[in-house]
Amino acid sequence: MVIDFHAHIYPPPVAAKILPAARRKLKVEVPGSGAPQDLLGHMSRSGIARSVLLPLAKGREDVSSLNDWILSVSDEGLIPFGAIHPFMENLEAELDRLAGCGVRGVKIMPLLQEFYPDDQCCERLYEALIKREMMLVTHTGRDPLEREEVFGTPERFARVVQCYPELKLLLAHLGGMRMWDESRRHLLL
């Protein structure tokens, strides 16, 4: 069975903004509409049995409604992970709600949410995930748009791994998009 562990879909109003911007800014053809049915069609044509949905919530106030939507469109082929923001007020309650719905992990994106993963303020998130035995998937490395500030560097995530060895942490993009030497130096043992 083939499982795509890193898929994104978007509510229609968000897709209407995000996909044209991605095409324009990244100068790549973004396949599809961002809708769940579109992803299911791509999966069927590609021989993918399941896709793990990784929602991205920029603001703290966006998390719960985005999670509501992800849960509503998930099915046997679309496995939901939750969106989370490390500094949101009701973080533990949202994780409990997701866990109660059978969600096994959450996604963060330091560059979009503008935080450093080794910031002491993230401790609450990491401890809450460890307690609930939930996975954390995160974007690592540079932004495809080459913004100057890199929030989630391999070095910063290496510190997270050292401080929270029980955390089930999945570092996307080989531990650091376009930071391959740093990934090798800080993350490969």
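Let's start with Glu92, which forms a salt bridge with Arg124, the closest N and O atoms being 2.9 Å apart. By salt bridge I mean a side-chain nitrogen of Lys or Arg within 4 Å of a carboxyl oxygen of Asp or Glu. Glu92 sits in helix α4 and Arg124 in helix α6 (residues 123-132), so this pair ties together parts that are 32 residues apart in sequence. Helices here are DSSP runs of H or I, at least four residues, and strands are runs of E, at least two, numbered from the N terminus.

A word on the model. It is predicted: local features need pLDDT of at least 70, side-chain atom pairs count only at pLDDT 80 or more, and totals for chains, interfaces and linings use all residues. Residues are numbered from 1 along each chain as its sequence is written, and side-chain values use heavy atoms, with hydrogens and water left out.

Back to the pair. Are its partners buried or exposed? Glu92 is partly exposed, at a relative accessible area of 29%. Arg124 is also partly exposed, at 30%. The cut-offs: buried is under 20% relative accessible area, exposed is over 50%, partly exposed is in between, with a 1.4 Å probe and protein chains only.

Next, Met88. It lies in the loop between β4 (82-83) and α4 (91-100). At 2% relative accessibility, Met88 is buried. Which residues does Met88 touch, leaving aside neighbours within four places in sequence? They are Arg60, Val63, Glu94 and Arg124. Contact means heavy atoms within 4.5 Å. Take Arg60: it is 28 residues from Met88 along the chain, yet their C-alpha atoms are separated by 5.2 Å.

Now the other charged pairs. Side chains of opposite charge can pair when their charged atoms come close. How many salt bridges does a search of the whole structure find? The count is 8.

One of them joins Asp68 and Arg97, with the closest N and O atoms 2.6 Å apart. Asp68 is in helix α3 (residues 63-73) and Arg97 in helix α4, so parts 29 residues apart in sequence are tied together. Asp68 is partly exposed at 41%. Arg97 is partly exposed at 29%.

Then Asp181 and Arg184. Their side chains meet in a salt bridge, 2.9 Å from N to O. Both lie in helix α8 (residues 180-187), and because they are 3 residues apart, about one helical turn separates them. Asp181 is partly exposed, at 47%.

Last, a network. Salt bridges with shared partners join Asp118, Glu155, Arg156 and Arg159 into one.
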